[in-house]
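Please look through the structure below, with its sequence at hand. The paragraphs that follow go from one part to another.

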Amino acid sequence: MAELSGIADPAALLAGLFAHVPVGFQIYTADGYSVLTNPKFREIFGGEPPPGYNALRDEQAAQLGVIDLIRRAFAGETVTIPAFWYDPRDVRHVHVAEGRRVAIEITAFPLRGRDGRVSHVAMVHKDVTADLLAQAERGALTARLEMMLDRMPIGCLLYDAEFRFAYWNKAAERIFGYRFEEVRGRHPFGLITPTAAQPRVEGIFRELAAGRREIDAIAENMTKDGRTILCEWHDMPLFGAENRFTGILAMCQDVTERHATEERLRQSEKMNAVGQLTGGVAHDFNNLLTVVIGNLDLAVDRVQPELQPAIEGALRAAERGAALVRQMLAFSRRQTLISETLDLNHVVAGMEQMLRRTLGEDVEIEMRLSSSLWVALADRAQVESALLNLAINARDAMAAGGKLTIETDNAHLDADYAAHNTEVSPGDYVALAVSDTGIGMTAEVLQHAFEPFFTTKEVGKGTGLGLSMIYGFAKQSQGHVKIYSEAGHGTTVRLYLPRKTTAEERAAAPARAERRSEGGSETILVVEDDADVRAFVSGQLRDLGYRVIEAADGPQVQRILESDEPIDLLFTDVVMPGGMTGRQLAETARTRRPALKAVFTSGYTENSIVHQGKLDRGVSFLAKPFRRQDLAAKVRETLDEPG
Ligand SMILES: Nc1ncnc2c1ncn2[C@@H]1O[C@H](COP(=O)(O)OP(=O)(O)OP(=O)(O)O)[C@@H](O)[C@H]1O
Ligand SMILES: [Mg+2]
């Protein structure tokens with residue numbers, strides 16, 4: 001303290017400090033008597049210890065650790081004890097009438113006499129009441145906040161400045177399947193952000209760190225059990241002192257299911273709107289054409305002979321127009337249907353000759369008609385026209401030849417299927433499936449195929465009404481139509497017509513529906529590129545008790561196979577995007593895991609698939625759409641096969 005040597009009266013400095021420092025100050029003698037206190041001390045404790053007070057004999061001081069503190073200071077140490085709560089009014093023998101409950105932190109240090117021995121102990125009392133109260137309040141607030149965050153139905157995540165997880169709530173655990181402890185300090189890439197989405201997410205992070213206020217995004221994410229889900233994100237940057245970027249607060253919601261439902265609804269609403277429009281136009285046109293044709297009919301025999309060919313030409317054109325209008329009416333479900341009990345096999349067989357002639361020699365036709373087919377209820381002429389339209393579409397898709405498979409079968413569409421296909425009521429149907437080995441449809445074409453006037457054929461070749469007519473006819477008949485197609489591989493169109501049931505059959509039906517499906521607890525790897533279908537299948541398998549891992553494509557499967565995740569069964573589509581077929585996938589899988597069993601599925605019928613050489617006879621195959629029982633039975637049966 002050389003700087004202080006210029007001060008004439010160090011005692012004045014001490015006295016000043018003593019009077020004005022914001023900490024309580026007290027000095028004890030070696031035998032425990034308090035000999036000096038400063039004003040702040042008296043403020044904290046509401047007064048001075050009474051005359052004769054001896055700390056070493058004070059029970060409360062002993063409890064609070066003060067005696068121990070004094071003893072240690074006498075031994076030469078400087079000691080601080082942690083803050084404690086103290087209320088001078090509770091202390092009878094101190095006799096303090098006023099005062100308040102305070103939190104005090106005490107530091108004691110020794111003072112030595114001229115002989116160098118410790119003669120007194122100085123004690124500094126710091127009032128930390130405000131700090132402790134604030135801390136407690138913060139703690140309570142944090143606890144409340146955490147409780148709210150955990151009860152929130154929205155995923156809430158915090159990233160630190162390096163974009164590592166610093167927090168995530170219970171909803172996030174439910175969405176992604178990871179507990180917070182599993183992701184703490186980890187980066188989202190490879191964890192919940194799939195490779196394809198990384199550049200975009202990186203861009204979002206960068207913008208937020210650079211000061212963008214908030215960013216909303218919809219992105220694909222991965223879950224712990226390998227599912228791909230669609231999430232809605234709302235990200236906000238966090239800034240600390242001096243505007244330093246400290247991380248991101250992200251809210252997220254799993255919108256996979258909602259999105260799929262909306263998409264289906266949009267599609268069906270669009271078709272309804274287009275149907276109404278088409279129907280209105282067609283209806284007016286029909287009236288016009290009736291007048292036109294009627295008048296031309298009247299005129300044709302009465303005009304000069306040289307005009308007759310012209311009138312006949314006009315008549316032919318008008319009649320073609322009328323045929324078009326009929327198809328439009330079919331789509332808009334305004335045609336008159338004559339529903340009759342129908343043996344679909346009979347209808348198909350009756351058209352075989354005509355189809356062979358129409359399709360030519362380059363197209364091989366195979367018929368597979370079910371021998372125990374139910375009776376259908378539908379308009380015969382419309383069924384024939386649908387089959388012809390499908391066959392012609394197939395021929396057009398197989399310009400270089402190929403194979404057409406026509407099948408009939410009984411089908412039961414269950415509640416699960418109905419839930420995933422708008423406007424289908426669950427129940428028994430008679431199905432007609434037409435498969436070809438042609439060029440197939442891209443996702444884009446598939447999405448629009450049922451729309452009237454949608455055609456990819458050159459002008460003059462297609463009107464784009466074939467499938468839309470079948471769609472309208474199916475709907476109007478309380479049936480259903482579904483296309484399954486893969487560009488470059490082929491197409492299957494399935495037309496479901498309602499089954500004609502007798503009263504007894506209807507009464508017997510529920511008993512069969514209640515049949516329990518047998519599940520299991522094995523692990524199944526579900527490979528399917530269509531997120532909707534994948535969620536549906538996985539959900540059903542999980543319901544049956546199985547553990548399910550999901551994968552959307554070959555690379556994902558590869559990764560899962562290379563891990564040491566136990567897998568008992570591979571459930572895969574026969575045709576997958578990206579070149580690899582399900583069969584190749586299974587073969588690759590078996591080089592790593594020789595005992596792995598496989599069930600193949602496809603929207604194509606088994607017959608068309610086996611004969612395209614995409615599958616061997618005898619492998620486990622399940623045709624889409626399948627019922628829960630079919631799925632349960634096929635999976636169980638395959639798992640139980642001797643390896
Ligand atoms: N079997 C199939 N294989 C591949 N693509 C098909 C098949 N069937 C239909 N498509 C696609 O769907 C579109 C619509 O078919 P749709 O039958 O409604 O009309 P179209 O055949 O083009 O004309 P139209 O049947 O009125 O003469 C076709 O243009 C084609 O792109
Ligand atoms: Mg067509």
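Phe163 lies in the loop that links β6 (155–160) and β7 (165–168). In this predicted model, the phi angle of Phe163 is near 60°, a positive value in a residue other than glycine. Is Phe163 buried, exposed or partly exposed? A residue counts as buried with 20 or more other C-beta atoms within 10 Å of its own, and as exposed with 12 or fewer. Phe163 has 18 other C-beta atoms within 10 Å, so it is partly exposed.

With 14 other C-beta atoms within 10 Å, Phe453 is partly exposed.

The next topic is a sheet. Five strands make up an open sheet, and their order across it is β12-β14-β15-β17-β16. The pairing in this sheet is mixed. Which strands stand at the edges? They are β12 (363–369) and β16 (480–486). Each of these two has a single partner strand, so one side of each is left without a neighbour in the sheet. From one strand to the next, the twist averages 15°.

The pairings can be followed one by one. β12 and β14 (residues 402–413) run parallel and are joined by seven bridges. Two residue pairs can be picked out here: Ile365 has Leu404 in β14 as its bridge partner, and Leu369 has Thr408 in β14. β14 also pairs with β15, here in the antiparallel sense and over 10 bridges. In that pairing, Ala411 stands opposite Tyr429 of β15.

Helices lie against this sheet. Helix α11 (residues 344–359) packs on the sheet and touches β12, β14 and β15 (427–436). The direction of α11 makes about 175° with that of β12. Helix α15 (residues 466–476) lies across β16 and β17 (490–498), and runs at about 140° to β16.

One residue of α11 can be taken as an example. Met351 is placed in this helix. Met351 has 17 other C-beta atoms within 10 Å, so it is partly exposed. Which residues does Met351 contact, leaving aside its neighbours within four places in sequence? Met351 is in contact with Glu384 and Leu387. As for distance, Met351 and Asp428 are 77 residues apart along the chain, and their C-alpha atoms are separated by 25 Å.

Helix α15 comes up again around ligand 1. The elements that give two or more residues to the shell around ligand 1 are α12 (380–397) and α15. The largest share, four residues, comes from α12. There are 23 residues around the ligand, and those that come nearest are Ala397, Thr455, Gly462, Gly466 and Leu467. What classes of residue does the shell hold? It has nine nonpolar, 12 polar and two charged residues.

How many of the residues of α5 are buried? The count is zero, and α5 is hardly covered.

The last example is a set of distances. Asn295 is placed in helix α9 (residues 256–300). Asn295 has 13 other C-beta atoms within 10 Å, so it is partly exposed. Asn295 and Leu315 are 20 residues apart along the chain, and their C-alpha atoms are separated by 9.5 Å. Thr581 and Asn295 are 286 residues apart in sequence, and their C-alpha atoms are 60 Å apart in space. Thr581 is placed in the loop between β20 (569–573) and α19 (582–592). Thr581 counts as partly exposed, because it has 18 C-beta neighbours inside 10 Å.

Definitions and conventions: Residues are numbered from 1 along each chain as its sequence is written. Chains are lettered from A and ligands numbered from 1 in the order in which they are written. This is a predicted model: local features need pLDDT of at least 70, side-chain atom pairs count only at pLDDT 80 or more; totals for chains, interfaces and linings use all residues. Two strands pair if DSSP finds at least two bridges between them. Axes are lines fitted to C-alpha atoms, for helices over the stretch in contact, and angles run from 0 to 180 degrees between N-to-C directions. Two residues are in contact if their C-beta atoms, placed from the backbone, lie within 7 Å. A residue is near a molecule or strand if its C-beta atom, placed from the backbone, lies within 6 Å of it. Ala, Val, Leu, Ile, Met, Phe, Trp, Tyr, Cys and Pro count as nonpolar, Asp, Glu, Lys and Arg as charged, and the others, Gly among them, as polar.
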